Amino acid sequence: MGLESLRVYRNLLKAVKKHIGTQGTKKHYTDYITQEFRNASLLTDPKLIKHKINLASNYTYMLNSIHHHQGLLFSYNIAVDRSEEMTRTLRKSAGSVGLQLPEIYRD
């Protein structure tokens, strides 16, 4: 159970950092996950441990799936908010040539 829970924990933190973020007000997500895994390390019931690991794994899968779905919607130009995608593209383009985004595109 130890290695499996460690794998799920790492994957969940990666998904949260990638899709939700960790800056400022979003840090409470990673803090909550860390605290839950620390609390779960004290459990002794194998069924409950397996349930919590499965729950965390399913949540990781959901986060990744939602992100993938949004990417597909963007690629097919379905009516979704494209301002975030445009800002991300502009930030990558500006960063690749060593520039900063204009004020109107900054967070």
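Met 62 sits in helix H3, the stretch covering residues 46–75. The structure is a predicted model, and the numbers quoted here are computed from it. With a relative accessibility of 39%, Met 62 falls into the partly exposed class, because that class runs between the 20% cut-off for buried and the 50% cut-off for exposed.

Over on helix H2, which spans residues 27–40, the picture for Thr 30 is one of burial: its relative accessibility is 8%, so it counts as buried, the limit being under 20%. The side chain of Thr 30 has a polar atom 2.9 Å from the backbone oxygen of Lys 27. Setting aside residues up to four places away in sequence, Thr 30 touches Leu 13, Val 16, Lys 17 and Thr 22.

Phe 37 belongs to helix H2 as well. Once neighbours within four places in sequence are left out, the contacts of Phe 37 are Ser 5, Val 8, Tyr 9, Leu 12 and Ala 56.

Terms used. Residues numbered from 1 in each chain as written. Predicted model: local features only at pLDDT ≥ 70, side-chain atom pairs only at ≥ 80, totals over all residues. Heavy atoms only, no water. Helix = DSSP H or I, 4+ residues; strand = E, 2+ residues; numbered from the N terminus. Buried < 20%, exposed > 50% of the residue type's maximum accessible area, 1.4 Å probe, protein only. Polar contact = N/O pair within 3.5 Å; in protein donor to acceptor, adjacent residues only side chain to side chain. Contact = heavy atoms within 4.5 Å.
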